[in-house]
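Please keep the structure in view while reading.

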Amino acid sequence: MHLTSLDLTDFRSYEHLELPLASGVTVFVGPNGQGKTNIVESLWYLSTLSSHRVPHDTALVRRGATTAIIHAAFVRAGRDLQVDLQITPGKSNRARVQGASLNRLRDLLGEVRAVLFAPEDLGLVKADPEGRRRFLDELLFLIAPRFAGVKADYDRVVKQRTGLLKQMRSMRRGGAGRSVGGLDPEEAAASTLEVWDAQLARTGAELLRARVHLVNRLRPHVGYSYLRVATEAGAESSLDLPPDQRGSVDSPADVGYRSTVLDTLDTPDGELPGLQEIHDALLAEAVARREEEIDRGVTLVGPHRDDLEIRLHGFPAKGYASHGESWSLALALRLGSYDLLRLEEGDLGDGEPILVLDDVFSELDTSRRERLGRIVTDASQVLITTANDSDIPDSLEGEIHVVDVELGQARVREGTLHHGGGSSW
């Protein structure tokens, strides 16, 4: 798919912006702090219903305004697609597709497909598991949007269950409680906890199994993509292997899903346990750790505690990989996601997502920059933000459309630039 026009009203620094876009490569050029990232952030929000920069919507609305509006037009599978989104912090956001209002905001997931790589992605390798879980869930929701509902149900269960565990901890520490239906307060709480345990196992098993399946599918693409960005030979177009051959490539990079629940099953890497098997293991783990959970007042079992383990040469990348290797791993995760959508999800109607590179060329050394340019040059639509024209690699070939961004204004530069083949800007 590709984005054909983007209209923003009171989004970030833009009071109003009307921007036509073409397929191929578009580069947003301008000094830092002028609003380049704001443009691609609006597209990412349509794709994931979240920002890659801030955890809350308040920062997305222009100062002095109460609501931000995004209007975007796309072509997907040869058909026009219109998506509108209204962001109102403190209230429910609203969305329309083809002019029809959606009953639930999460029904927008899957309509707009994008893969974004930004400097923040270094945290996928170096930071805490939360970001890696979010990475998996965002990709999962693009492929199978119904799991956004499963995740929402699971989060509610964890919140309610954790609240009950805190109450039970207070009771143990001498807090008085009233009898419930003639039952001792602790007995009543224990009975209620069993109900939440069942809900945790049901929703958690479904989410956990979906994540494992996703990681198994993503794994060969990540290993292969690491070779492409980390070695000169790997980025050559002649080594563009089809999906069914990528699993046999010997790569130092690997990923796996880590869960204490899976550890109890002793499931080999790459195998997918059954849903009932995971459900039973999750329930058993919750029972086994009940005393510890009550003592700490927190839910310790379930996919909200899991991690995407990233390995390099068989060692955990966090704390082992160098700075340059960490960048290559982060790139491999995003490029692997892009290839999974592009090559294996086309049966759903134009699986190729829009590829967004937000201020990443300036963060890469020259060799990685040139390799990345060769890899993405044939993508259907690439949106790039950069402070300097000189950061764009020569390896990014073909016509390049340029949008100059300054002080919250974005203007399409006259004509196109021809790049590649050793030419310069």
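## Salt bridges in the model

A salt bridge is a side-chain nitrogen of Lys or Arg within 4 Å of a carboxyl oxygen of Asp or Glu. The structure shown is a predicted model, and a search of the whole of it finds 29 salt bridges.

## Glu41 and Arg12

Glu41 belongs to helix α1 (residues 36-48), while Arg12 sits in the loop between β1 (2-11) and β2 (14-20), so the pair ties together parts that are 29 residues apart in sequence.

Buried means under 20% relative accessible area. Glu41, at 0%, is therefore buried, and Arg12 is buried with a value of 16%.

## Arg161 and Glu293

A salt bridge of 2.7 Å, N to O, joins the side chains of Arg161 and Glu293. This pair links distant parts of the chain, 132 residues apart: Arg161 is in helix α4 (residues 146-172) and Glu293 in helix α9 (residues 290-296). Both residues, Arg161 and Glu293, are buried.

## Arg311, Glu309 and their network

The side chains of Arg311 and Glu309 meet in a salt bridge of 2.6 Å, N to O. Salt bridges with shared partners connect Arg219, Asp254, Arg258, Glu309 and Arg311 in one network. Arg311 is buried, with a relative accessible area of 10%, whereas Glu309 counts as partly exposed at 22%.

## Asp84

Asp84 is located in strand β5 (residues 79-87) and counts as buried at 9% relative accessibility. Its side chain makes a polar contact of 3.0 Å with that of Gln82. Leaving aside neighbours within four places in sequence, Asp84 is in contact with residues including Ile70, His71 and Arg94.

Notes:
Residues are numbered from 1 along each chain as its sequence is written. This is a predicted model: local features need pLDDT of at least 70, side-chain atom pairs count only at pLDDT 80 or more; totals for chains, interfaces and linings use all residues. Side-chain values use heavy atoms; hydrogens and water are left out. Helices (H or I, at least four residues) and strands (E, at least two) are DSSP runs, numbered from the N terminus. Buried means under 20% relative accessible area, exposed over 50%, partly exposed in between (1.4 Å probe, protein chains only). A polar contact is a pair of N or O atoms within 3.5 Å; within protein, one must be able to donate a hydrogen and the other to accept it, and residues adjacent in sequence count only if both atoms are side-chain atoms. Contact means heavy atoms within 4.5 Å.
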